[in-house]
Amino acid sequence: MNIEPNNWLTANVVGLLARITPRCHDMTRLISRSQDAVLPVGTRIKMRMHLWICAWCVRYGVQVRFVRTALRVCPEPPSSPAGKLSEDAKQRLRQALSIA
């Protein structure tokens, strides 16, 4: 089987990066920690290299940043509307939820 030079090079570069960067399991913790504190330069470089080859960790980072931003916009949990409903409305909701 012949492998084209570009594909061979890409496969080897990705393989090398996968060996020298943190695993995805570790990346999730590092991404979360990076939101709260500045990580060492070496760790940040390894994280950046991992993000070059892993779309899943990129997605996780985007989601973590989204949740962080959303929590800043709405820092307090919304008040529960259940306390403001009449007993009749509460009963209708219970019945509707028990059917579903």
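Me: Helix H2 (24-36), helix H3 (41-53) and helix H4 (55-73) each supply at least two residues to the lining of the largest pocket. Which of these helices gives the most to that lining?

Reply: Happy to go through it, keeping in mind that this is a predicted model. H3 contributes most to the lining of the largest pocket, with five residues. The whole lining consists of Ile 31, Ser 34, Gln 35, Arg 44, Met 47, Arg 48, Leu 51, Trp 52, Cys 57, Val 58, Gly 61 and Arg 65.

Me: What is the volume of the largest pocket, and how do the residues of its lining divide into nonpolar, polar and charged?

Reply: The volume is about 260 Å³. By residue class, the lining has six nonpolar, three polar and three charged residues.

Me: Let me step back to the fold. How many helices and strands are there in the protein chain?

Reply: The chain has five helices and zero strands. Its pattern along the sequence is therefore written α-α-α-α-α. Of the 100 residues in the chain, 16% are buried.

Me: Next, burial. Which residues of H4 are buried, and where do they fall when seen down the axis of the helix?

Reply: Here a residue counts as buried when its relative accessible area is under 20%. In H4 that holds for Cys 57, Gly 61 and Val 64. Seen down the axis, the buried residues of H4 fall within an arc of 65°, so they line one face of the helix. The face turned away from that buried side carries the exposed residues Ala 55, Trp 56, Arg 59, Gln 63, Phe 66 and Val 73.

Me: And which residues are buried in H2?

Reply: Met 27, Leu 30, Ile 31 and Gln 35 are the buried ones in H2. They cover an arc of only 140° around the axis, which puts them on the same side of H2. Ile 31 and Gln 35 are also among the lining residues of the largest pocket.

Me: Last topic, the cysteines. How many disulfides does a search of the whole structure find?

Reply: A disulfide is a covalent bond between the sulfur atoms of two cysteines. The search finds zero disulfides here. For Cys 54, the nearest cysteine sulfur is that of Cys 24, 3.6 Å away, whereas a disulfide needs the sulfur atoms within 2.5 Å. Cys 57 is in no disulfide either; its nearest cysteine sulfur, that of Cys 54, is 3.6 Å away.

Me: Are Cys 54 and Cys 57 buried or exposed?

Reply: Cys 54 counts as buried because its relative accessibility is 9%. Cys 57 is buried too, with a relative accessible area of 4%.

Technical notes:
Residues are numbered from 1 along each chain as its sequence is written. This is a predicted model: local features need pLDDT of at least 70, side-chain atom pairs count only at pLDDT 80 or more; totals for chains, interfaces and linings use all residues. Side-chain values use heavy atoms; hydrogens and water are left out. On a 1 Å grid over the protein atoms alone, a cavity is a set of points where a 1.4 Å probe fits but cannot get out, and a pocket is an open set with protein on both sides within 12 Å along at least five of seven lines; lining residues have an atom within 4 Å of a point. Grid points are joined across faces, edges and corners, and a volume is the space filled by probe spheres set on the points. Helices (H or I, at least four residues) and strands (E, at least two) are DSSP runs, numbered from the N terminus. Ala, Val, Leu, Ile, Met, Phe, Trp, Tyr, Cys and Pro count as nonpolar, Asp, Glu, Lys and Arg as charged, and the others, Gly among them, as polar. Buried means under 20% relative accessible area, exposed over 50%, partly exposed in between (1.4 Å probe, protein chains only). The arc is that of the directions from the helix axis to the C-beta atoms.
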